[in-house]
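Please consult the sequence and coordinates shown below while reading.

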Amino acid sequence: MATVIATTSLDLTPEKKQQVIDALGNALGTVFRSYSLYFVNLPEEQVAECTKGQTTIFVFVPPYMEVERRRKLVKVLNDAMVAET
């Protein structure tokens, strides 16, 4: 099982936000059968200048998870975000 927390200051419409959440969920489903996904929009004025217009994804996985599987997880999450935004 994985827990993923994604925060973003991107200005997303409700429809686009749902598309991003769906894409991240689909990506997670390629690596894990069960997962928790939290997606939080932050107002641009509440983030540091260097993180404006970006998404930060925090991934929590079991410590015994194989390195290659971790790499695959990071790649599929990144690819999903790039494709949707």
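Is Glu68 buried or exposed? With a relative accessibility of 53%, Glu68 is classed as exposed. The model examined here is predicted.

Glu68 takes part in a salt bridge with Arg71, with an N to O distance of 2.6 Å. The two residues belong to helix α2, which spans residues 67-84, and their spacing of three residues places them about one helical turn apart. Arg71 is likewise assigned to the exposed class, because its relative accessible area of 52% lies over the 50% limit.

Helix α2 also holds the pair Asp79 and Lys75, which are four residues apart, or about one turn of the helix. These side chains form a salt bridge in which the closest N and O atoms are separated by 2.8 Å. Asp79 has a relative accessible area of 35% and is therefore partly exposed, since this value falls between the limits of 20% and 50%.

## A further salt bridge and the overall count

Glu49 and Lys52 are joined by a salt bridge as well, their closest N and O atoms lying 3.2 Å apart. Over the whole structure, the search returns four salt bridges.

## Nonpolar core

The largest nonpolar core comprises 18 residues. Within this core, the residues that touch the most other members are Leu24, Phe32, Phe39, Leu73 and Leu77. Strand β1 (2-8), helix α1 (14-29) and helix α2 each contribute at least two residues to the core.

Phe39 illustrates the packing in detail. When neighbours within four places in sequence are set aside, Phe39 is in contact with Ala6, Thr8, Leu12, Lys17, Val20, Ile21 and Leu24. One of these partners, Leu24, is also listed with Phe39 among the core residues that touch the most other members.

## Aromatic rings

Which residue places its charged end over the ring of Phe32? The residue is Arg69, whose charged end is 4.4 Å from the centre of that ring. Phe32 is also one of the core residues that touch the most other members.

Note on methods:
Residues numbered from 1 in each chain as written. Predicted model: local features only at pLDDT ≥ 70, side-chain atom pairs only at ≥ 80, totals over all residues. Heavy atoms only, no water. Buried < 20%, exposed > 50% of the residue type's maximum accessible area, 1.4 Å probe, protein only. Core = buried A, V, L, I, M, F, W, Y, C linked by side-chain atoms within 4.5 Å. Contact = heavy atoms within 4.5 Å. Lys NZ or Arg CZ within 6 Å of the ring centre and 35° of its normal.
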